[in-house]
Amino acid sequence: TTTGWMMWNFLASCLLTDAAIVLYDGNPGHPDMETLWQLAADAEVTCFGTSASYIAACMKAGVEPANGRDLSRLRSVGSTGSPLAPEGFDWIYEQLGDDTWLFSTSGGTDLCTAFVGGVPILPVYRGELQGRALGASVESWDEHGEALTGEVGELVITRPMPSMPLFLWGDEDGSRYRGSYFDTFPGTWRHGDWIEITDRGTAIIYGRSDSTINRGGIRMGTSEIYRAVLADHDIVDALVVDVPRPGTEGWMPLFVVLAEGAELDDDLKNRVAREVREHCSPRHVPNEMIAIEAVPRTLSGKVLEVPVKRILTGTPAAQAASRDSLANPDSLDFFVGYAKKLH
């Protein structure tokens, strides 16, 4: 983690206990995807914290964490940053054993805390977060503000939490603060994620609600589309947006980072379209597929879907995203150039 992400605070706060912390400084993929697993073995790590994207990258690279190294001290693996696909759960247990505790966590940098995550005394269900965090009154609401069970809705916090911000820097009249969190449901914090609360109290996160793609009345989280797209071995990363166009349903391009030696030919496009059609919906098959060098991500690894969408609709890049918050700021240059072609 970087010091600009809440997970830095999460990590450093472990020093309030008797635990020792291990922090890796550098590219987790250098010289290969085995690096962090080797560090876990060398430092005799007991709790390995990582991201869903790192787990997916290890799966793609064919990594076998326990092959040739001693991970006997490793008791638990924590994943955050984005939704961990059910296949990621399978992979962790296949590689590290049934006695591993895998806990997926979701929260907000805005509050510097988690909303839903791991509970060591509860069972782990494939693709699900075990329960609400202590002190977090989390619910899934429909557009009318009614609580849902077993259905996808807006993640809301119905009671105050100690770490909720009271104002935003430079927001003198509080309008930006209220507009960011309290406009949709007056008096209730709307975080901007899609969540499902199951009948057993577990949670499933479907990604950002402001980047959800609604086509023909069928609403689909981008994480579900990525899951289908990244199933292809020739694609290592992806970004999808739905760009509104007057008088039409909109233009939905899929930007992909190709594996070394792969080509974005008709065969690959057809394979991806088939996966999206079968596992998502026919309406969410992309209108166009475009190869790029890198997907823009924040320092915490989140895909910049909304800023890219704004750039493609004509918003200047400086207004759409702060380059200082990006792990790879040069990756925005492609979209700036592409937007000029569109306009």
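Q: Let's begin with β4, β5 and β6: in what order do the strands sit, and is the pairing parallel or antiparallel?
A: The three strands form an open sheet in the order β4-β5-β6, with antiparallel pairing. β4 and β6 (131–132) are the edge strands, each pairing on one side only. Strands here are DSSP runs of E with at least two residues, helices are runs of H or I with at least four, and both are numbered from the N terminus. Two strands pair if DSSP finds at least two bridges between them.

Q: Before I go on, what kind of model is it, and how are residues numbered?
A: It is a predicted model: local features need pLDDT of at least 70 and side-chain atom pairs count only at pLDDT 80 or more, while totals for chains, interfaces and linings use all residues. Residues are numbered from 1 along each chain as its sequence is written, and side-chain values use heavy atoms, with hydrogens and water left out.

Q: Thanks! How many bridges join β4 to β5?
A: Three bridges join them. Gly 107 stands opposite Ala 114 in β5.

Q: Which residues of α1 are buried?
A: In α1 (residues 6–13), Met 6, Met 7 and Leu 11 are buried. Seen down the helix axis, they fall within an arc of 140°, so they line one face of α1. That arc is taken over the directions from the helix axis to the C-beta atoms. Buried means under 20% relative accessible area, exposed is over 50%, and partly exposed is in between (1.4 Å probe, protein chains only).

Q: And what do they pack against?
A: The buried residues of α1 pack against β2 (76–80), β4 (106–108) and β5 (113–117). Contact means heavy atoms within 4.5 Å.

Q: Over to α4 then. Which of its residues are buried?
A: For α4 (residues 86–96), they are Pro 86, Gly 88, Phe 89, Trp 91, Ile 92, Tyr 93 and Leu 96. Their cover includes α2 (35–42), α3 (52–61), β2, β3 (101–104) and α6. After α4 comes Gly 97, with a positive phi near 100°.

Q: What about α7, how far apart are its end C-alpha atoms?
A: They are 20 Å apart, which agrees with the 20 Å that the 14 residues of α7 (residues 266–279) should span at 1.5 Å a residue. The expected span is 1.5 Å times one less than the number of residues. Leu 268, Arg 271, Val 272, Ala 273 and Val 276 are the buried residues of α7, and they pack against α6 (222–229), β13 (235–240), β14 (253–258) and β15 (288–291).

Q: How many residues are in the largest nonpolar core?
A: It has 40, and those with the most contacts inside it are Ile 225, Val 229, Leu 254, Phe 255, Val 272 and Leu 312. Elements that each supply at least two residues of this core include α6, α7, α8 (305–312) and α10 (332–342). Apart from it lies another core, of 22 residues, among them Trp 37, Tyr 54, Trp 91 and Leu 102. A nonpolar core is a set of buried Ala, Val, Leu, Ile, Met, Phe, Trp, Tyr and Cys residues joined through side-chain atoms within 4.5 Å.

Q: What does Val 272 touch?
A: Not counting residues up to four places away in sequence, Val 272 touches Val 229, Ile 235, Leu 254 and Met 289.

Q: Switching to rings: how many aromatic pairs are there?
A: The count comes to 15 aromatic pairs. Rings of Phe, Tyr and Trp (its six-membered ring) pair if their centres lie within 6.5 Å; planes under 30 degrees apart count as stacked, over 60 as edge-to-face and the rest as tilted. Phe 182 and Trp 189 are an edge-to-face pair, 5.9 Å centre to centre with 90° between the planes.

Q: How about Phe 255 and Tyr 338, how far apart are the ring centres?
A: Their centres are 6.0 Å apart and the planes are at 90°, so this pair is edge-to-face. Phe 255 lies in β14 and Tyr 338 in α10, so the pair ties together parts that are 83 residues apart in sequence. Phe 255 is buried at 0% relative accessibility, and Tyr 338 is buried at 13%. Ring pairs also link Trp 251, Phe 255, Phe 334, Phe 335 and Tyr 338 into a cluster.

Q: Last one: where is Thr 188?
A: Thr 188 is in the loop between α5 (175–181) and β9. Thr 188 is buried, with a relative accessible area of 10%.
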